[in-house]
Amino acid sequence: MIVHQSIKEILSSEKLNIPVKVRGWVKTFRNDRFIALNDGSTLQHLQLVIDPEKYSEDFLKKISTGAAIEAEGELVESLGKGQKVEVQVEKLKILGEADPETYPVQPKRHTLEFLREIAHLRPRTNLFGAIMRVRSDLAFAIHEYFHQNDFFYIHTPIITAIDAEGAGQMFQVTTLDLKNPPLTEEGEIDYKKDFFGRKANLTVSGQLEAETYAMALGKVYTFGPTFRAENSNTTRHLAEFWMVEPEVAFLDLDGNMDLAEDFVKYIIGYVMKSRAGELEFLEKRLLQEEKSLPANKRSDMPLREKLQFILENQFVRISYTEAIEILKQSKPYKKKKFQFPVEWGVDLQSEHERYLVEKHFKSPVIIYDYPADIKAFYMRLNPDGKTVRAMDVLFPGIGEIIGGSQREERLDVLLEKMKKLGIDEKDLWWYVDLRKYGTAVHSGFGLGFERMVQFVTGMSNIRDVIPFPRTPKHADF
Ligand code: ATP
Ligand code: MN
């Protein structure tokens, strides 16, 4: 019996001169004879050889780029260059035509901007196929890492009534009639009449809920979509992105840094093995893209070397205070080249982070113990009374890829902090309860999944590493 096999399976077949049946989309059709077929299972195309004498001209016209076809034939050794095997086609069926007059993904270079406009067809390109296979494997590696280390996968809610997290602007979820909302006696919108009987939003992070499960199951993680309504049109921000958030009981900040480093090294190492072909392809693309850039804007290392470098080197760990000292001694600071101020107490901007990572240390850097005033309410206060046990992991070319902290486990300190920030204890009563009943040191962090995919694939715009990007004014598809 001839069964439908993937091109990946066929290309790795040990046997020759066997019957095969394949389905896929035509990449190119040359000399009325050679079809390059791809079915998405691998970067490689399968060469199909047909005898043009057997088909009408009309039929041959339908074998065009983008058409879906089915072929049956014999797998044989290929005499041509570029492939070891090919299929001598005996039976060929056109499953779905793709009119060459209108089909937009032709076998030539398209700009990334153009491909974003056809996000439903861009997965048909070699580039997006490669990116999405890497993305998929990275997601799998994340689950595998946590599973191997006895973490439990917790599904935290997408809809939340918490709006105290302060991680960013939120999207509101409502079923109220926007033209005619119910009002309270004071003339405010009456959210008691809304679907949840209160104001609700899309989550910006699953952390607070994950903490509740860490304080019962010990080691947990969430991995799901998060939403931020910030109007930031950068190459590193999406309105909808995926975040990986482990949360661990009885773990302090040092342990949290160890976990973050071990974790990212594992997932990068995983895809370097599982997607070696894709990474080679992506590395070539990046070199090509960077040719048009001035020398000082190009990457220091080819993509795979950069990934290997991450695996082999220990991340530098410095306190925020040390980071400020280094920045103040730096050339760009002295020459007034930084756009934003460098001063103890202000948040580090991307230009500062990138100086530390790319110029000063030439290595991933973990900065810890940030000023309390620029970080979230739940981070553990240090004995100095002015810094908190926060950590950011900074990567070359990306900047912040992970943000995390040891959480404030002391009830009185947490309540005081909330009071100072005007966060009503009643709104977070369940979160406060964790500090009343069986409280313990615990820590966690959030990894922006797309930023990791960007780093691994070398794509400079975050819109190109998620199937359907959501950004201000863009929610097509
Ligand atoms: P940034 O300062 O880069 O905007 P943040 O400090 O607001 O990020 P966190 O709240 O610490 O981000 O979120 C944890 C991680 O999620 C970040 O380290 C980053 O990798 C990722 N992330 C945050 N905001 C976005 C976004 N809008 N799009 C994609 N990834 C994001
Ligand atoms: Mn952060």
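**Starting with D392**

Reply: D392 is buried, since its relative accessible area is 4%. Keep in mind that this is a predicted model.

Me: What counts as buried here?

Reply: Under 20% relative accessible area. D392 has 4%, so it is buried.

Me: Where is D392 found?

Reply: In strand β14, which covers residues 387-395.

Me: Which side chain makes a polar contact with the side chain of D392?

Reply: That of K375, at 3.4 Å.

Me: What else does D392 touch?

Reply: Leaving out residues up to four places away in sequence, D392 touches several residues, including V365, I366, I367 and Y370. E400, I402, G403 and G404 are also among them.

Me: New topic. How many residues surround ligand 1?

Reply: There are 15. The closest are H237, L238, E400, I401 and R451.

Me: Which polar atoms lie by the oxygen atoms of ligand 1?

Reply: One polar side-chain atom of H237 is 2.6 Å from a ligand 1 oxygen. For E400, a polar side-chain atom is 2.7 Å from an oxygen atom of ligand 1. I401 uses its backbone: a polar atom there is 2.9 Å from a ligand 1 oxygen.

Me: How much of ligand 1 does the protein bury?

Reply: 82% of the 590 Å² that ligand 1 exposes when taken alone.

Me: Which strand gives the largest share of the shell around ligand 1?

Reply: β15, with 4 residues. β11, β15 and β16 each supply at least two.

Me: How do the shell residues divide into nonpolar, polar and charged?

Reply: The shell around ligand 1 has 6 nonpolar, 4 polar and 5 charged residues.

Me: On to helix α5. Which of its residues are buried?

Reply: Q207, L208, E209, A210, E211 and A214 are buried in α5, which spans residues 207-217.

Me: What do they pack against?

Reply: The buried residues of α5 pack against β7, β10, β11, α13 and β16.

Me: And what follows α5?

Reply: G218 does. Its phi is positive, near 85 degrees.

Me: Last topic. What is the strand order in the open sheet of 3 strands?

Reply: The order is β7-β9-β8, and the pairing is antiparallel.

Me: Why is one side of β7 and of β8 left without a neighbour in the sheet?

Reply: Because β7 and β8 stand at the edges, each with a single partner strand.

Me: How many bridges join β8 and β9?

Reply: They pair over 2 bridges, in the antiparallel sense. In β9, N201 is the bridge partner of Q172.

Note on methods: Residues numbered from 1 in each chain as written. Chains lettered and ligands numbered in written order. Predicted model: local features only at pLDDT ≥ 70, side-chain atom pairs only at ≥ 80, totals over all residues. Heavy atoms only, no water. Buried < 20%, exposed > 50% of the residue type's maximum accessible area, 1.4 Å probe, protein only. Polar contact = N/O pair within 3.5 Å; in protein donor to acceptor, adjacent residues only side chain to side chain. Contact = heavy atoms within 4.5 Å. Near = heavy atom within 4 Å. Areas by Shrake-Rupley, 256 points an atom, 1.4 Å probe, with all protein chains shown as cover. Nonpolar A, V, L, I, M, F, W, Y, C, P; charged D, E, K, R; others polar. Pairing = 2+ DSSP bridges.
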